[in-house]
Each structure stands twice: as structure tokens, then as C-alpha cells.
Protein chains: 2
Amino acid sequence: MQTALATTGLPPVFSTSLPGRALPLPATEARPVHRRTVAAEAEIFAGGDRAGTFYKVVSGVVRTYRLLSDGRRQIDAFHLPGDIFGLEAGAEHRFNAEAVTEARLDVHRREPRALAGDDGALAREIVASMMKALERAQEHMMLLGRKSARERIATFLLTLSRRMACDGAAMELPMSRTDMADHLGLTVESVSRAVTQLERDGLIALPPNRRLVVLRDVEALARLAE
Amino acid sequence: MQTALATTGLPPVFSTSLPGRALPLPATEARPVHRRTVAAEAEIFAGGDRAGTFYKVVSGVVRTYRLLSDGRRQIDAFHLPGDIFGLEAGAEHRFNAEAVTEARLDVHRREPRALAGDDGALAREIVASMMKALERAQEHMMLLGRKSARERIATFLLTLSRRMACDGAAMELPMSRTDMADHLGLTVESVSRAVTQLERDGLIALPPNRRLVVLRDVEALARLAE
DNA sequence: CGAATGATTGAGAACTCTCAAGCTCGGTGG
DNA sequence: CCACCGAGCTTGAGAGTTCTCAATCATTCG
């Protein structure tokens, strides 16, 4: 799920090799306008801002979120290294983006030829990134619409561990419990309780540092996440 | 939000006019493989099916959904005329698709050159459709993660009325309460109660036929939806 | 006109939220 | 080096919303 476009038998919808235009460049080498470093908790852009650029995470973690008028927050995604965010169909950003940890970003200018033009590698990467974002969003709707707090935490921890490619060892959560809550459609307290319960049941272990988690029973977690 | 790619000032990421390859074809004329009519409640494809084709709704309404292993269902979207669905990055469909009402569909074969190749109109339509799907998914995460039952119904009715372009008159809901529930992350009973409550508060009217709704106070509904 | 499916309503249970307190870890300064 | 401090996390108790189970009602279809 974390890998880019699958290449499993069927002709991919978005071909990775344009006939007569084979660029040997790895996708990640597509010309960034410049690189930017943002401090933890710093704003990257706000909803309503002119969407003249989009971003690719080099290191660190970024959150994109929206607010209801009374302040309720929904974090639609955490963006890890390699992820693209901030790409809009319209003229304005529809989200707010902030650094969760200190983060380095590639800033890309949004140009008419970004997809159709001469940079095939970036074009394909953008489309692949959109499809990945859509798949994650759809997966997340399942979580938000139909899963219990316990199941949400299990799903989240499993997915994050896969995306962070952390070996069997402890995984360091980049985000606070509050961030997790606003991503999972819960309150901080419910997140805390569900995490504690998973520990009591032996599915995870919680070292003294609350930002660390060890997945002790991946099978059982997967069963919870379905 | 329902319109295709916005063209508001900024250069669109995905240019609608490819330099040197201007196809005068309207997007909707892009070669369908064939047309198919499905009866109400009939299956169009199932999760795990080989994703060799994708679809565009000509008339009627389609739902795409996923199930948890114990049967809980999440309808990720209702597809109205003009919408594209069933397009996958991988080799298999990740969703089930069924007709909500009788529906006519354009069936498109998924080919390597679908985006990169010679049919620029279809390619751009596909990308636009993906962006639209992503925006709707993100909007829906806000609903599922942070809105009350009442707010979900208000949001749903407003959004649907805009997409169906129904004048101020009564809107005919194509789907059952159960479908609404599984889309909005609620139970049938909660949907029913919230709808009834909106009627008691005068925000909507419910003619005897329970598939009809009149939005009586769009302002108030919009305030609820935020 | 009657059966059947879908919708509504009711009552009680369950889950999550709210409000409030207490705790822990990590950093700070004496 | 240790005690203190603060932000974030956890825990508790009670309230609230939604869910579950069950019955009733309505509309459509045969």
C-alpha cells in the first residue's frame, strides 16, 4: 500500500515508461524549485493561501488538516518522507499544513507543463502520489466511518509502522496524542485509553517514553484492523 | 466543488490544453469501449476483481463500498452522471460497486496509453476525476471524523442537492436510508432520527414519499454543515 | 386488498466525550 | 546532581450521543 504504482500483471493506467520519451531520471530527481526547512509546529501554508507551489517531504513529518468553524480539527493525513502534499486542482489550498517535527521539504512550482510537459518523471510521480493519497483517504474513511476506537488505534499503528518501515523494534511516533486523536476522529482521552488497553492486552508495549510503541502482536493488531 | 478542474487565475497543474496536441473532442466523447446498462442493486464489480476496465456514469447512481470482515459496510461514494469510478492504481479493484438505481455506464478499457498516450481528452478527464474524488474524500473525512449525526445529514443533503443540480424544488434521494447510513458512518435509525429532527426544526420538509426531501432553509443547513 | 420491504419510533445499553484531577517524563536551574 | 516545573499523557466519574434490539407504521408492489 505504501509502494508507488503497483506493477502486478495488468498494464498500469499510468504508464511508467512514456513511449519515445524515456527519461532515465529517478522520480525523486525531478527539479525542485528549492529546498526549505521548517521547524516543528511551524506553519507551511494555510487554507485559502494561493496554491502556487506544492511540496515533497525529504525528512520529518507534516500534517495537513482542516477546521470546522467552532475549532474542531480533522487531520486528513500525516506526510512522511517521499510523500507529496499541497497539490490542488483549484487556485487555493484547501488545507492547512504544519510541520509535526522539524522537516525538510522540496518546494515545487506549480506549472502548466508540470504534468503535460517535458518533465515526465515528475508528472508520473504526481499522478502516482494522487492515487496513493486517494487510496489512503478511502482506507481512512473506512476507519472513521466504521471502526471502534480500539480498532482505529490498531489500524493506525500498523499502517504507520509499515510506512515508517521500522523493523520489529520500537517505533517512535512523530506526533502527539492530540494529533492522533484529530486524525482518528477521537478525543485525546479516548486515544490514551485505547492505547493503554492495547498494552494491557499485550498487543503492544509502551516504554516509559510515551512517544515509543512496540508492536508485540502484529497478527492480533491486524485482526483488529481487519 | 462539483465542477471539474478549476480555472481560477493560477496555471492549472494539469493543463487543459496540451501544446501541440490540442484535441477538439469534448472530454465526454473519449472513446468508450462499450455501453452497459445495469439493473438497480446489481453488482458492477467486486473487490478483488481484475481491474481491467473503469466506468463513467451516463445515467443513474452507483455506490462503491468496502466491507470489514464482520460485515460492517462503508460506502465511500455515490457516483452520479458524469462521475468516473473503478479506476485503480493496482491490478485489482479495491472496492465493490453496485448500481443504486438502474444505471447506464460507459465502460473504458484500461490501457497503458490511457494517460500517456494519444487520447489527451480522456487522460485529462481521468486526472480531473481523480482530483475530484480526492477532494470529495477529504471533505468526507471531515464529516466522518468530526461531525454529529445532525450535521452529517445536513452536509449530505446540501452536497447531494448541489451535485444533482435540483432547483429549489423537492429532491429525490436515489438511495435508501441504509445506504445513507453506511455512507455517513451512522445506523439507519440514527439517520432516520436526524432527518426527522431536521424536519421538526423546519430546515427540511418530508413529503409522504420518504425518498423526497425539500431543503427549506439552505442557510441554516449550511450553518450546520459549516 | 394484503404482504413485504423500508422507514420510523421507543427504550435501554454501550461507547465515546466532557470535565477534572493526577501522573510522568524531560528539561531547567539552583 | 538533584529538586522543581511544565507540557503532555493518563486516569476517573459522569453525561451525552449513538447504537442495539424490538415493535410499529407506511408505502409500494403483487
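Modeller: A term before we start: two strands count as paired if DSSP finds at least two bridges between them. Strands themselves are DSSP runs of at least two residues, numbered from the N terminus. Also, this is a predicted model.

Colleague: Fine. With that in mind, what is the bridge partner of A:Thr53 in β8(A)?

Modeller: A:Arg109 is the partner of A:Thr53. The two strands involved, β3 (residues 53-59) of chain A and β8(A), run antiparallel and are joined by 6 bridges.

Colleague: And what does β1 of chain A pair with?

Modeller: Strand β1 (residues 34-38) of chain A pairs with β8(A), in the antiparallel sense, over 5 bridges. Within that pairing, A:Arg35 stands opposite A:Asp106.

Colleague: How many residues of β8 in chain A are buried?

Modeller: 5 of its 7 residues are buried, so that strand, residues 103-109, is mostly covered.

Colleague: What is the strand order of the sheet in chain A?

Modeller: The order is β1-β8-β3-β6, in an open sheet of 4 strands with antiparallel pairing. β1 and β6 (84-85) of chain A are at the edges with a single partner strand each, so each has one side without a neighbour in the sheet.

Colleague: How many bridges hold β6(A) to β3(A)?

Modeller: 2 bridges, and the pairing is antiparallel. A:Lys56 has A:Ile84 in β6(A) as its bridge partner.

Colleague: Now chain B. What order do its strands take in the open sheet?

Modeller: In chain B the order is β1-β8-β3-β6, again an open sheet of 4 strands paired antiparallel. Its edge strands are β1 (34-38) and β6 (84-85), each of which pairs on one side only.

Colleague: Which residue of β8(B) is the bridge partner of B:Thr37?

Modeller: B:Arg104 is the partner of B:Thr37. β1(B) and strand β8 (residues 103-109) of chain B pair antiparallel over 5 bridges.

Colleague: Change of topic: the hydrophobic side. How many residues are in the largest nonpolar core?

Modeller: The largest nonpolar core has 74 residues. Those with the most contacts inside it are Ile153, Leu157 and Ile204 of chain A, and B:Ile153, B:Leu157 and B:Ile204.

Colleague: Take A:Leu157. Which residues does it touch, leaving out those up to four places away in sequence?

Modeller: A:Leu157 touches A:Met171, A:Leu173, A:Ile204, A:Val213 and A:Leu215. One of these, A:Ile204, is also on the list of residues with the most contacts inside the core.

Colleague: What else is there besides that core?

Modeller: There is a second, separate core of 18 residues. It includes A:Met130, A:Met131, B:Leu87 and B:Met130.

Colleague: On to the DNA. Which residues are closest to DNA strand C?

Modeller: 18 residues surround DNA strand C, and the closest are A:Ala149, A:Ser190, B:Arg177, B:Ser192 and B:Thr196. Of the atoms of DNA strand C that come within 4 Å of the protein, sugar and phosphate account for 67%.

Colleague: Where do the phosphate contacts come from?

Modeller: From both chains. A backbone N or O atom of A:Ala149 is 2.7 Å from a phosphate oxygen of DNA strand C. On chain B, an N or O atom in the side chain of B:Arg177 is 2.8 Å from a phosphate oxygen of DNA strand C.

Colleague: Which element gives the largest share of the surface near DNA strand C?

Modeller: α5(B), with 4 residues. α5 (188-200) of chain A and α5 (188-200) of chain B each supply at least two. By class, that surface has 3 nonpolar, 8 polar and 7 charged residues.

Colleague: And which residues come nearest to DNA strand D?

Modeller: A:Ser192, A:Thr196, B:Ala149, B:Ser190 and B:Arg193, out of the 18 residues around DNA strand D. Here the largest share of the surface, 4 residues, comes from α5(A).

Colleague: What does B:Arg193 reach on DNA strand D, with an N or O atom of its side chain?

Modeller: A base oxygen, at 2.9 Å. Phosphate oxygens of DNA strand D lie 2.8 Å from a polar side-chain atom of A:Thr196 and 2.4 Å from a polar side-chain atom of B:Ser190.

Conventions: Residues numbered from 1 in each chain as written. Chains lettered and ligands numbered in written order. Predicted model: local features only at pLDDT ≥ 70, side-chain atom pairs only at ≥ 80, totals over all residues. Heavy atoms only, no water. Core = buried A, V, L, I, M, F, W, Y, C linked by side-chain atoms within 4.5 Å. Buried < 20%, exposed > 50% of the residue type's maximum accessible area, 1.4 Å probe, protein only. Contact = heavy atoms within 4.5 Å. Near = heavy atom within 4 Å. Polar contact = N/O pair within 3.5 Å; in protein donor to acceptor, adjacent residues only side chain to side chain. Nonpolar A, V, L, I, M, F, W, Y, C, P; charged D, E, K, R; others polar.
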